[in-house]
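Let's take a walk through a protein model and stop at a few spots along the way. Have the sequence and the 3D view open as you read.

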Amino acid sequence: TILTLDFGSQYTHLVTRRLRELNVYSEMLPCTQKLADLDWKPVGIILSGGPYSVYEEGAPHVDPAYFELGVPILGICYGLQEIAYRSSTDNVVAGTSREYGHAIIKPKSFGGHVDSLFKDLGDEVKVWMSHGDKLAKAPEGYHTIAETGHSPFAGIAHETKPIYGIQFHPEVTHTENGTQILKNFAVDICGAKTNWSMGKFVDQEILRIRKLVGDKGQVLGAVSGGVDSTVAAKLMHQAIGDRFHAVLVNNGCMRLNECEQVHKTLSEHLGINLTVVDASKLFLDGLKGVTDPETKRKIIGGTFIDVFEAEALKIEKAAANSDKAGKIEFFLQGTLYPDVIESISFKGPSATIKTHHNVGGLPKRMTEGQGLKLIEPLRELFKDEVRQLGRELGISHELVMRHPFPGPGIAIRILGEVTPERVEIARQADHIFISMIREAGIYDDISQAFAGLDSNRAVGVMGDKRVYGYMIILRAVCSTDFMTADAYPFTNEFRKAVATKIINCVDGVTRCLFDETTKPPGTIELE
Ligand code: XMP
């Protein structure tokens with residue numbers, strides 16, 4: 001196992017992800033982790049980047065004991081500066097300007113272990129830089145192993161020990177062959193085993209959950225039918241069986257037959273202990289007359305909390321009466337890495353807790369450590385890894401590849417007031433659109449697609465009669481991270497076929513409009 005010490009860079013998780021892609025297991029711990037408190041010995045250590053200056057007051061510094069361990073060390077960006085600063089504080093200077101973006105590095109050859117980090121990379125490597133400070137000189141006992149036009153110390157290596165530092169980020173895809181650098185370090189230099197797999201992740205997580213929850217502890221979690229909450233729930237079920245309680249709240253803004261389907265999948269197929277609460281009337285009553293997008297979200301989020309808490313109390317009461325199990329002490333969240341605003345920096349794990357927008361905010365006692373403790377088994381994974389994990393857990397291809405669906409559901413796809421009638425129209429149109437996308441065999445090529453409803457109406461002629469009807473907005477996007485997105489290029493035939501079918505089949509609709517806006521400036525959802 002490689003130990004990655006996190007100094008708080010937004011890219012640290014990418015380091016562990018790239019290593020997983022190489023089938024190398026890496027454990028990421030806060031940079032304050034003391035070697036003496038570690039009950040295993042890493043084969044190599046990576047010091048990540050971070051947003052600080054090494055000489056800033058309160059800047060984090062690594063436990064010097066790691067340097068006595070005799071295993072290879074790689075410092076990335078802040079990590080490099082930390083290595084240099086340790087040997088002499090005047091090795092690092094504040095850069096006059098931030099160096100941000102692409103740079104070309106030229107590896108310099110010395111032979112022996114010094115050259116092994118850049119093995120098989122060629123004479124020039126396009127890398128990604130993002131730093132303020134830089135090295136003023138190579139620390140004593142180190143060679144410069146790479147330089148750029150801006151910096152003669154873009155890479156350093158100790159002359160006799162396997163200690164390396166690089167100023168750029170090999171973990172981001174903008175660095176060409178960055179994975180090769182990590183492979184050179186982890187596999188060749190550290191000799192890390194390449195036997196990690198998603199199956200191993202499952203085994204490890206199950207053990208970790210069991211240890212955390214204990215023999216009797218119980219866990220509560222909200223599920224939506226989406227990939228993340230389903231995968232997290234299945235993992236939990238595998239670990240502790242019926243001591244995990246899943247709750248699905250029907251907010252009246254879900255897709256056609258969604259509740260029934262989720263119930264069938266989770267309860268019947270996956271064997272998860274699930275309670276479905278139908279609170280649609282409560283949600284829809286609360287949304288009456290509301291048109292402002294943020295207000296809609298707040299109402300849905302607030303109602304969700306009320307309904308969920310009431311259900312949680314019932315489950316807790318029943319649990320307390322059972323002699324088989326103990327108290328409900330934990331709350332499961334299917335948070336993925338991109339949802340985590342702050343990495344587990346040296347501020348400690350509490351800094352990681354964020355209200356997941358999936359459920360529109362959670363009861364305070366579930367997020368502030370006042371009662372329930374959070375379990376987030378997916379928090380180190382990216383979406384595609386969660387899908388891989390889902391497959392590993394035996395979840396169907398269809399569910400694993402499901403497009404994301406927002407917590408507030410159809411409500412944020414209806415411009416203007418959300419009424420039961422308007423939800424039903426959007427729901428029917430959405431069902432037709434998605435079914436046709438599936439029939440055309442392009443569902444997996446699209447990241448997210450849906451039908452929404454415009455706040456205005458338009459005139460149409462139907463059966464010789466003038467009709468004043470609704471306008472459906474159809475949106476389908478391709479995206480890798482949902483931060484940016486492009487419209488999916490449907491064929492004209494497909495568009496026409498969808499528009500015709502929706503207008504023919506959904507009462508009250510006179511128009512279908514296709515939304516081709518990219519994100520940015522548009523968002524994926526309409527509100
Ligand atoms: P936007 O509309 O911000 O959406 O471009 C980006 C991704 O986030 C999803 N989304 C939400 N998911 N609760 C959620 O669970 C929300 O309130 C919410 N708002 C947006 C959206 O579906 C897309 O995948």
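## A hole inside

Let's start with the largest cavity, which is lined by Phe433, Leu474, Arg475, Ala476, Ala487, Tyr488, Phe490, Phe514, Asp515 and Glu516. A cavity here is a set of points, on a 1 Å grid over the protein atoms alone, where a 1.4 Å probe fits but cannot get out, and lining residues have an atom within 4 Å of a point. This is a predicted model, where local features need pLDDT of at least 70 and side-chain atom pairs count only at pLDDT 80 or more, while totals for chains, interfaces and linings use all residues. Residues are numbered from 1 along each chain as its sequence is written, and side-chain values use heavy atoms, with hydrogens and water left out.

How many cavities of 30 Å³ or more does a search of the whole structure find? The search turns up 1, and the volume of the largest cavity is about 40 Å³. (Grid points are joined across faces, edges and corners, and the volume is the space filled by probe spheres set on the points.) Strand 18 (465–478) and strand 20 (509–515) each supply at least two lining residues, and strand 18 gives the most, with 3. Helices (H or I, at least four residues) and strands (E, at least two) are DSSP runs, numbered from the N terminus. The lining splits into 7 nonpolar residues, no polar ones and 3 charged ones. For that count, Ala, Val, Leu, Ile, Met, Phe, Trp, Tyr, Cys and Pro are nonpolar, Asp, Glu, Lys and Arg are charged, and the others, Gly among them, are polar.

## A covered helix

Now look at helix 1 (residues 12–21), where 9 of the 10 residues are buried. Buried means under 20% relative accessible area, exposed over 50%, and partly exposed in between (1.4 Å probe, protein chains only). The buried ones include Leu14, Val15 and Leu19, along with Arg17 and Arg18. Among the elements covering them are strand 1 (2–6), helix 3 (178–189) and helix 10 (383–392). After helix 1 comes Asn23, which has a positive phi, near 65°.

## The binding site entry

An unreviewed UniProt entry places a "binding site" at Ser224, Gly225, Gly226, Val227, Asp228, Ser229 and Thr230. UniProt positions follow the numbering used here, feature names are shortened, and annotations may be inferred rather than shown by experiment.

Ser224 sits in the loop between strand 12 (218–222) and helix 5 (227–240). Ser224 counts as partly exposed because its relative accessibility is 28%. Its side chain reaches the backbone nitrogen of Gly226 at 3.1 Å. Val227 belongs to helix 5 and is buried, at 5%. Leaving aside neighbours within four places in sequence, Val227 is in contact (heavy atoms within 4.5 Å) with Val386, Arg387, Leu399, Val400 and Arg402.

## Two loop residues

Asn251 lies in the loop between strand 13 (244–250) and helix 6 (258–269). Is Asn251 buried or exposed? Asn251 counts as buried, since its relative accessibility is 7%. A polar atom of its side chain lies 2.9 Å from the backbone nitrogen of Cys253, and one lies 3.2 Å from the backbone oxygen of Gly407.

Gln167 is in the loop between strand 11 (163–166) and helix 3, and its relative accessible area is 0%, so Gln167 is buried. The side chains of Gln167 and Gln81 make a polar contact at 3.4 Å. A polar contact is a pair of N or O atoms within 3.5 Å; within protein, one must be able to donate a hydrogen and the other to accept it, and residues adjacent in sequence count only if both atoms are side-chain atoms.

Notes. 1 Å grid on protein atoms, 1.4 Å probe; cavity = no way out; pocket = protein on both sides within 12 Å on 5 of 7 lines; lining within 4 Å.
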